[in-house]
Amino acid sequence: MKVGKNITELKVGDEIFGSTESAFAEYVVMDIEKLAMKPSNLSFVEAAAAPTAAITALQRLRDGGNIRKGHKVLITGASGGVGSFAVQIAKSMGAEVTGLCSTGKVEMVKSIGADHVIDYKTDDFTRSDQRFDLILDNTGNRSFSDMKKVLSADGQIIPNSGHGGMSYVIKAFALAPFTNKIGGMKIANLNNRDFNILRKMMESGDLKPFVDKVFPLEKTPEAIKYLEDGLARGKIVISMDSEES
Ligand SMILES: NC(=O)c1ccc[n+]([C@@H]2O[C@H](COP(=O)([O-])OP(=O)(O)OC[C@H]3O[C@@H](n4cnc5c(N)ncnc54)[C@H](OP(=O)(O)O)[C@@H]3O)[C@@H](O)[C@H]2O)c1
């Protein structure tokens, strides 16, 4: 590790976590604004799993959804990277959380604290009698009109899916100004203040990255395939160590 000559906040040897635009690299140049001290109770592998997914979950729920204690929140893609952080963050903010996932991941979503889990392979949540104050949509595979059926009177959908393709993104942008039922799309704002909030949540035990598998750098193609095949639970991590776990 090296530290730039104008940086006073860090010294060589400090343990940090954060986001960078470089990927799968052994050495990267980091912007000090996009990192924070590593949560002291986490391993480097766990800390590496957190930054972008956790900050996205935090900002979409807090800033996009104005989440409040007692809110009934549905999180789609609850078994995924963003979703597994969102379930825990929403719980820590006092919400009643329902996670949506496929059959094989129901137990995992329960294990990270969801109050209720809906298996979309057997249940269509848009036909249920339940009403949600917030739907954090990480999957983008249901229409906004279907999701609106299960919103409470003041409820809101927080669109957050690149998986939904351009038509999803365009619809979210186009509809948001005309209805308070659909929030706008937002790219995560990677910043030190929010990384510190997440660090504190992790140190207090409110938030723990769910790491499914660790792949050595040379197995990066396998890691990407594992993700694309929909097998990953929570996050996978690429490590510079040659051990797979
Ligand atoms: N706003 C931002 O800056 C930002 C940042 C990062 C990511 N994102 C977006 O957030 C979304 C989630 O990202 P991620 O990293 O969490 O992805 P991920 O780890 O791949 O998780 C996506 C989850 O979607 C679930 N899924 C797949 N098909 C489904 C279906 N038919 N119905 C319901 N759920 C389904 C999968 O779980 P099951 O096997 O349980 O279905 C999977 O766990 C992506 O669309 C990404 O573009 C936004």
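A polar contact is a pair of N or O atoms within 3.5 Å; within protein, one atom must be able to donate a hydrogen and the other to accept it, and residues adjacent in sequence count only if both atoms are side-chain atoms. The model is predicted, so that local features need pLDDT of at least 70 and side-chain atom pairs count only at pLDDT 80 or more, while totals for chains, interfaces and linings use all residues. Residues are numbered from 1 along each chain as its sequence is written, and side-chain values use heavy atoms, with hydrogens and water left out.

**Ligand contacts**

- A backbone N or O atom of Asn138 lies 3.3 Å from an oxygen atom of the ligand.
- The side chain of Ser79 places an N or O atom 2.9 Å from a ligand oxygen atom, and for Tyr120 a polar side-chain atom lies 2.4 Å from an oxygen atom of the ligand.
- Of the 920 Å² of accessible area that the ligand has on its own, the protein covers 76% (Shrake-Rupley method, 1.4 Å probe; for residues, only the protein chains shown count as cover).

**Gln156**

- Gln156 is found in strand S7, residues 151-159 (strands are DSSP runs of E, at least two residues, numbered from the N terminus).
- Gln156 is buried, with a relative accessible area of 18%, where buried means under 20% (1.4 Å probe, protein chains only).
- The C-alpha atoms of Gln156 and Val73 are separated by 9.7 Å, although these residues are 83 residues apart along the chain.
- Leaving aside neighbours within four places in sequence, Gln156 is in contact (heavy atoms within 4.5 Å) with residues including Gly64, Asp133, Ile135 and Lys181.

Conventions
Helix = DSSP H or I, 4+ residues; strand = E, 2+ residues; numbered from the N terminus. Buried < 20%, exposed > 50% of the residue type's maximum accessible area, 1.4 Å probe, protein only.
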